[in-house]
There are 2 protein chains.
Amino acid sequence: MQFAISEDFLDKIIGLIEREDRAELTIILQDLHFADIAEIIDELNLEQAVFLVKLLDSEKTSEALMELDEDQRDRVLNALSPKEIAGELGEMDTDDAADILNDLPDDVAQEVINQMEDEQHIEDIVDLLRYDENSAGGLMAKELVKVNENWTVTGCVSEMRAQAENVTRVHSIYVVDNGNKLKGRLSLKDLLTSSESTPIKEVYIPKVDKVNVNTTGEEVARIMRKYDLEAIPVVDELDRLVGRITIDDIVDFITEEAEKDYQLASGISQDVEANDSIWDLTKARLPWLVLGLVGGIGAAAIMGRFEHMIAEHAILFLFTPLIAAMAGNVGVQSSAIIVQGIANDDLKGSIGNRLLKEVLLAMLNGFILAILLFAYTFITEGGILTASAISVSLFAVIIVAGLIGTFVPLFLHKRGIDPALATGPFITTSNDIFGILIYFMIAKTIIGI
Amino acid sequence: MQFAISEDFLDKIIGLIEREDRAELTIILQDLHFADIAEIIDELNLEQAVFLVKLLDSEKTSEALMELDEDQRDRVLNALSPKEIAGELGEMDTDDAADILNDLPDDVAQEVINQMEDEQHIEDIVDLLRYDENSAGGLMAKELVKVNENWTVTGCVSEMRAQAENVTRVHSIYVVDNGNKLKGRLSLKDLLTSSESTPIKEVYIPKVDKVNVNTTGEEVARIMRKYDLEAIPVVDELDRLVGRITIDDIVDFITEEAEKDYQLASGISQDVEANDSIWDLTKARLPWLVLGLVGGIGAAAIMGRFEHMIAEHAILFLFTPLIAAMAGNVGVQSSAIIVQGIANDDLKGSIGNRLLKEVLLAMLNGFILAILLFAYTFITEGGILTASAISVSLFAVIIVAGLIGTFVPLFLHKRGIDPALATGPFITTSNDIFGILIYFMIAKTIIGI
């Protein structure tokens, strides 16, 4: 079993495209999984990619399009006519088609909709367009298998067969009443193990997990993870069944969220990848670096106010990078724990308790580190006063840094702002400034200048 | 629909436990999902938790045990007798039971195995114990539905029904030959839409994604994500079907990996949560802080070697926190992009090309930042020589920091070490030291002391 495209195979495909050998390409690619075809298209230049998309069946390319790197997909779609895009969308699941339409310019999207043929499919897709992308409505697909509670098992098998043709994977069969209200579900396992003459009303499971169209993506992910669900039905405000969300979409959602948080913690502000252009990478990285530069200038300005001490107490200045680094490290540790706790929805207790715990934790860490630093400075530099000044300041800086790292994400979250913004460079930079200010103020007091 | 336990409900449960009202508790809890029961047990003290676990059916508690916070689970298991643990394990899926046994002390595990009753179940579990936890063998469960290629659809329905009783979710029906070699699969959809008299040999899909018992967890996750799989069969070296991995286990695996990487990038070395004890949190955080302290002391020592310049060029010392911060930020940005690229397996090109790209990127960012810093220092401090010295050094430091941030994770990965170790405090600390060294060396050369 091979789960990746080899260089040789890719070269062969490129050669065939250059020679426009349509027959051979069709034969080679017809058995390939759409995810592999996507991997190939990602490696091609635009002209080659468009050639391949136009050559292959929409059934195959539509699914491959969804797996493409976003930039490459935008370029390919840009090179297709509205009619060709409509052809691809006709083969897609409604949720994927809606995502594509959402990304197109309004006039192109309208033209594509006009070109589509299957009325029901268009209606479903347009219906999905009105939901926020990050809500259950925006994540769901219209494809599902449902039966009426008033049917019998025998009576609904043919109906289900017809519906199943349009659904890639059947997870559950949803049971609705005459008004399309969700009543319960019928598992395939039940179907497998129950007799065909039974009326649906008697066999369906009335307890069914469901979410509302307005439930956020994060909440849907949490629920599906918590209850190990592989699909969840989505209902509207009147409890009518309008769609379902499958776990593969949630896996993508979870992965993207985790990557976004990781990047924010690392000072990268957009969804970029190692293979993106230098320009895209710069756009994602430079703003945080400028923030760091401004913070560093602020720190230099603060140190400048204590410059009169530099001749006699040069040692204080030698330890400023240490103070800044420790303030940054402690702040990032605290904020990361809080951001993760918020994301997993398992923070317990009030903000006050949380800050108290962080103070205790910072005091413990700070005490150990301050002792170590005191020992080092006392032995190497001599002078109990200087050693005390530096280590007591470190102790204080660690506590303040921990508090800032804890408070800021909690505060942002309360205000409805993504707390992950407060990790990484943001905390590091603000803690640098506060840390150095506190450091010099305490050191000055202790040394008594 | 309610997807979380309210405070009031929890208080009620605790009250009933204190009064030992077994009858009422059983009634209230019998309809609750095991994930909700786990959420309740997580909130109880040990005595209350054990009371509840002993009270409820093993069928319910065994699944709840798997959803518990790991620390709480260990405590609860510790309070149960081997016979009671055996009872719980008897109701668990084989993969979960094997995970529990793996975490128990060897002698307790042996005692539990001796107490178990279902021979086949024990055999399956013990079989799973020999695989590495992070391999497909360690992730798979023995529960699956399989049919022989020589049967007919009609002939195997009853067989499948019997097997399905032991499998929580039927994803695919696997087709094997007489020697248990995996031949293909039969989707439930096919079953739904094909006639009962057809022989299996004619309807099964011979193309089936599969992994070997030794495939790593990361690779399994990548394959299941890439191909949107909900379950994947696992075969041994002789291509015999030995188990299957379901997507819910992979969702947990992906989430845990992402959290681990996030924590490493934030300077937290173990799998801790905001609610863990201060002692656990200190153990996870202190080592990285000590590393930062040592780095800071190193930076101070380097600066000490240039102390003779401090009287005349105090300004150089004021900017050391800025230089250290920028070196750290750039390093973390570079390493995070590389670590994520490695995790997603989409790094293209050689290490040389990667480093060249990083140099170009760092030059672009560094040039912009150096110009800004030059302007600031020139205007506020005067002196073209000093302003040049500081800004040229910044430019050089950014390039070196980017190279270190790129090279170290790539190097660790080549050596088979988790590259995520090289993010966060590790990169920050080493970049602080290198940054300050380079800064003073360049500044000294330019100013000409």
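Contact is taken here to mean heavy atoms within 4.5 Å. The structure is a predicted model, in which local features need pLDDT of at least 70 and side-chain atom pairs count only at pLDDT 80 or more, while totals for chains, interfaces and linings use all residues. Residues are numbered from 1 along each chain as its sequence is written, chains are lettered from A and ligands numbered from 1 in the order in which they are written, and side-chain values use heavy atoms, with hydrogens and water left out.

By this criterion, 114 residues of chain B are in contact with 114 residues of chain A. Across the interface of chain B and chain A, 6 salt bridges are found, a salt bridge being a side-chain nitrogen of Lys or Arg within 4 Å of a carboxyl oxygen of Asp or Glu. The side chains of Glu39(A) and Lys226(B) meet in a salt bridge, at 2.3 Å from N to O. On the side of chain B that touches chain A, the largest share, 16 residues, comes from helix H17 (residues 278-304) of chain B, helices being DSSP runs of H or I with at least four residues and strands runs of E with at least two, numbered from the N terminus.

Within chain A, an open sheet of 3 strands has the order E4-E5-E6 with mixed pairing, where two strands pair if DSSP finds at least two bridges between them. Strands E4 (211-212) and E6 (241-246) of chain A stand at the edges with a single partner strand each, so one side of each is left without a neighbour in the sheet. Strand E5 (residues 231-235) of chain A pairs with E6(A) in the antiparallel sense over 5 bridges, and Val234(A) stands opposite Gly243(A) in E6(A).
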